[in-house]
Amino acid sequence: MRQNTIAGALLRMERIRQDKGQKEICYGICVPSYMSKIEHGSVCPDDKIIAALFERLGIVYEENEQALTEWETKTEDYFYRLQYCLDTETVYKELAENDTVLSYSRLAVDWLLIKGFEEGGTPELLETLKEYMRPKQLAYYRILQSWERQSFPESVEYCNEALRILGNSFAITQLCEAYMMQGDYTAIHRMENKLVATAVEEGNTYRLADYFFLNGTAYACLNLEEMMLLYYERSMRLLQNTEWKKASADLYYNMGATYISLKKYDLSLKYLDMAEASGVSNLSDSMALDHKKAVALIRSGNKEQAGIYLEKMRVRIAQSEDKNEADILKYEEACWECKENFMDDPAYLELLEKLIKALKRERHFGHLYFYRDIITQAYTRQRKYKKALEFEQEISSRIQG
């Protein structure tokens with residue numbers, strides 16, 4: 001069987017990685033000019049030549065078609081599971097046992113994509129291999145890129161490209177996530193008919209629930225309680241009695257955060273408690289939950305109990321290996337709210353301006369919107385009327401729903 005042109009690309013990358021020249025690798029196998037053509041995919045060499053060149057680099061290029069067909073079936077199963085939000089970890093672990101073999105085979109692109117989805121980030125090799133990708137592989141690559149560049153307009157472009165190729169509900173929800181990061185809530189609302197029709201046709205319950213969650217969150221970011229509840233309830237009904245039941249923790253958390261903005265602190269604490277009971281596991285989610293509980297308690301006048309959650313935040317920040325400025329500033333801002341007359345202190349306003357920059361850089365628009373009232377109040381209290389107006393105009397310009 002003739003080798004896929006990807007073999008030449010992998011050969012070139014490995015040769016460069018080992019800092020070896022073409023003459024050194026191809027001596028006694030083929031002439032350098034022919035090796036150059038192999039590396040650039042302009043010829044389809046004999047299998048034995050490819051095998052010999054890889055062997056010279058200390059690498060075995062997998063040619064066992066029976067084994068490759070078996071692993072190809074597993075990679076296809078992985079992407080099916082990804083689309084329907086089923087268990088992907090089991091398949092990933094099976095494939096990971098053959099990491100070296102998969103990395104030097106015609107399945108290299110699929111394997112790199114899977115590692116990107118499971119391990120986070122976008123493997124650098126994917127950009128080099130982009131020209132060898134089939135349309136579906138390119139679509140998944142664009143989705144990975146959108147995850148990496150969440151706060152940039154390019155993420156919407158990447159997801160639109162993926163949607164044009166895949167046309168499924170998974171791609172639609174990824175596009176909605178990108179719109180969420182841009183604060184384009186109208187675009188999320190506009191996707192409803194297309195998503196519902198596609199998800200129903202696929203029988204994809206999870207993506208339908210995921211869209212209702214995203215749409216509810218878009219309304220939550222604008223403090224539109226009635227519409228938020230409508231879509232969150234739809235999502236919860238779909239998730240109940242399923243293996244995704246723990247996803248309801250995100251719903252309850254967002255409801256709790258929205259009720260803080262609506263100054264309904266009892267309701268806020270009720271839903272934040274429900275989020276915790278539903279199962280918050282990772283450090284960043286726990287940090288966010290502690291922060292919202294602290295803020296709800298402070299603003300409801302229970303600063304002593306709020307201190308418990310502020311201390312939890314302090315410890316989590318100290319223990320976190322991946323510290324980010326937004327979490328640190330959120331913690332510091334909440335501590336300021338415990339002080340008397342904090343609104344009148346220029347140092348508090350200075351901290352808020354740092355927080356604005358960090359949220360724009362590290363979080364989606366809804367996080368900044370959460371602080372809208374208090375930022376405007378602080379500017380006004382300290383007679384920074386021009387800045388208050390500019391901030392309000394900026395916020396209003398970002399609200400597209």
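What volume does the second largest pocket have? In this predicted model, where local features need pLDDT of at least 70, side-chain atom pairs count only at pLDDT 80 or more, and totals for chains, interfaces and linings use all residues, that volume is about 310 Å³. Residues are numbered from 1 along each chain as its sequence is written, and side-chain values use heavy atoms, with hydrogens and water left out.

A pocket here is an open set of points on a 1 Å grid over the protein atoms alone where a 1.4 Å probe fits, with protein on both sides within 12 Å along at least five of seven lines, and lining residues have an atom within 4 Å of a point. The volume is the space filled by probe spheres set on the points, which are joined across faces, edges and corners.

The lining of the second largest pocket holds 14 residues, of which T75, E76, F79, K136 and Y140 are the closest to its centre. Helices (DSSP runs of H or I, at least four residues, numbered from the N terminus) α5 (65-84), α8 (108-119) and α10 (135-148) each supply at least two lining residues, and α5 gives the most, with six.

Turning to the cysteines, the count of disulfides (pairs of cysteine sulfur atoms within 2.5 Å) is zero. For the two cysteines tabulated here, the closest cysteine sulfur is too far for a bond; buried means under 20% relative accessible area, exposed over 50%, and partly exposed in between (1.4 Å probe, protein chains only).
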